[in-house]
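Reader: I'm new to reading protein structures. Could we walk through this one together?

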Amino acid sequence: MSTDATWRTVDAVDPATSSFPALVRLGDERVIILRTPKGYRGVEPRCPHLQAALTTAVQMSNGSMLRCTRHNFIFRLSDGKGVNCVGLRLKVYEVRESEDGRLEVQI
Amino acid sequence: MKTTSDFVLRGGRVLDASQGLDGVMDVVVVDGRIAGVGQHGAPAGCELIDVSGCIVSAGWIDNHVHTYGTLGFADPDSIGIWQGVTSYVDAGGPGIASMDEFVALLGGQTVADLYAGPYIRPMGIIGAQFTEGDIRSLTGFPIPEWLDFMDAHPGVIRYLKVAALGSYGAGPLRMAKGLAEIIDVPLYGHIGEFQMQREDPSAYELFRISQAGDMIAHPYHNSGGGILDADGRLLPVVADAKARGVLFDIAFGSYNFSWDVAEKAMAQGLPPDIISSDLQQFNAIGPAYSLSHVMSVLLRLGLTLPQVVEAVTWAPAKALRIDDRAGSLKTGMPADITVSRLEAGRFEFADTSGVMRDASERFVPVRVFKRGRPHPIDLARCQDEKNWLLQIAEDHVPAAAQALDARQKGFLRSLRRALERTHWVYDLDHLDLRKAHELRAVFDGVRAQHDLPLREALLTVYAPFLDNPFTMQIGLFLLHLERPFLLERLDAVTGNEAVAA
């Protein structure tokens, strides 16, 4: 993980009331925030295969993987590695909940 | 021992292009073979099966599926007999350097007859997006090995597959045509799927070099290098190929069927000759689903019912040169029969770009017989995630590993020692195919020492890593695993605690 990454607060999303996945803008970056059984996770907004929007992507295997519904390419949420598509990697982001209940994304 | 019961299918509309039949008549099956079609009295002791309102045809043939390798399924029957298909062809999963693995793992293992259309790359299809279209991935054309395989396994290989992709240019296409002539099988050329590849006009070389009986897959794709010009007119090079007798195979797949292209092609007199699904891990849950779904799409496109049925029976049987055993209800043929019906309703059929067309009917297979034996139908069986998602069990040791015997563990221990002396890095961007071949050689060397049959050795190596019995070229499989994890897992499974600790 990059050492110069910083935690950015997500103002537009409230974990208590927002629906997920949530597409958020953080400066120049756009991130989709997912709620998984293991907590929150961020991914880039488009599939690295053919740039299909991942807002309709489906979680699999107890939230450990994400399936792009366009061509069923599947990525591991822990590190973004392509599960059924070697040679492709999805950009993933750490997401945490701060003490005051807001989400923070490590960019 | 008699293994099948005799029966008569009565009341269905029999469609058999091999005999020019279209009408309501009986199909009589005795001892697993067609005993007659027409108005027959049922032989004594024959079961009478009412198939009124149904279509009765020779068993469906899927000319293009993926059962083996990185696109294949844990249960290849799930896209075969369970979907009403009695013969099918793996389109490019193996190459000449993995045909032995294909035969060891899948030969005789499926209810439907499975044939191979190997890829010209010795490894076969590798599924790595960036590597697939790299000309340097075509690591050899070993003519003696191709000829030796044809001698040792006559009838397994039914066509030779090549793709117009990426940086190939026209050279590999011509070389593949030459190799197809040498081993005396049709050339099966893939066009389309240029989304991640540099568009290359050499795709049209496929139309030029293909001769009568050669096949071109994915004619109705809408990527670069298509069959229409910018104004939607059929290109002369394509029309010329059609006129020469080159066969066009739908091969629906994940990327390669466009309503727009198909409708324009049909309007200009380019119907497909063969309908195939191109089913693979990526499209069994849509948009391909099944051969019957693709048949429904072609019916909606405007093919007649007899044309659709011929395109999955007699047409592929002739193209594959299996018309002596499949695709026909002639007396004496093996009783491979698919009974289907047209279900009325309101349906939406998506092409591979997500463009929809409304439809009012669809094919549903309702009965299938392989050599006279009935088999259940379940179109959705292939959609089980465990069947189409090849996953390495990273966080647990699969149950199959617990069942390995001492001899198999001994083999794995030796393999582990040999692999420890071999170094590789799994690089996402530069898949080292030479290393994959080297790992296959390491595997072969250890197997020879242990005198383990190929099938058993392959399953033994898969066991510590796969919950479900997927197949993959063993060199690629080992390369694909991260080396430290591979060695650690082999230690854990073989009880090599000294090293594992």
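Predicted model: local features only at pLDDT ≥ 70, side-chain atom pairs only at ≥ 80, totals over all residues.

Reader: Okay, and which residue forms a stacked aromatic pair with B:Phe7?

Author: Planes under 30 degrees apart count as stacked. Here the angle between the planes is 25°, with 4.5 Å centre to centre, and the partner is B:Phe369.

Reader: How many residues apart in sequence are the parts that this pair ties together?

Author: B:Phe369 counts as buried too, at 3% relative accessibility. B:Phe7 sits in strand 1 and B:Phe369 in strand 16 of chain B, so the pair ties together parts separated in sequence by 362 residues.

Reader: What is the angle between the planes of B:Tyr159 and B:Tyr188?

Author: B:Tyr159 is in the loop between helix 3 and strand 11, while B:Tyr188 is in strand 12. B:Tyr159 is buried at 0% relative accessibility, and B:Tyr188 is buried at 0% as well. The two rings are 4.1 Å centre to centre and stacked, with an angle of 15°.

Reader: Zooming out, what is the radius of gyration of chain B?

Author: Chain B has 18 helices and 17 strands. For its 501 residues the globule rule gives 23 Å, and the chain comes close to that, so it is as compact as a globular protein of that length: its radius of gyration is 23 Å.

Reader: And what percentage of the residues of chain B count as buried?

Author: The cut-off is the one we used before, under 20% relative accessible area. Out of 501 residues in chain B, the buried share is 61%.

Note on methods
Residues numbered from 1 in each chain as written. Chains lettered and ligands numbered in written order. Heavy atoms only, no water. Helix = DSSP H or I, 4+ residues; strand = E, 2+ residues; numbered from the N terminus. Rg over C-alpha atoms; globule rule 2.2 N^0.38 Å. Buried < 20%, exposed > 50% of the residue type's maximum accessible area, 1.4 Å probe, protein only. Phe/Tyr/Trp six-rings, centres within 6.5 Å; stacked < 30°, edge-to-face > 60°.
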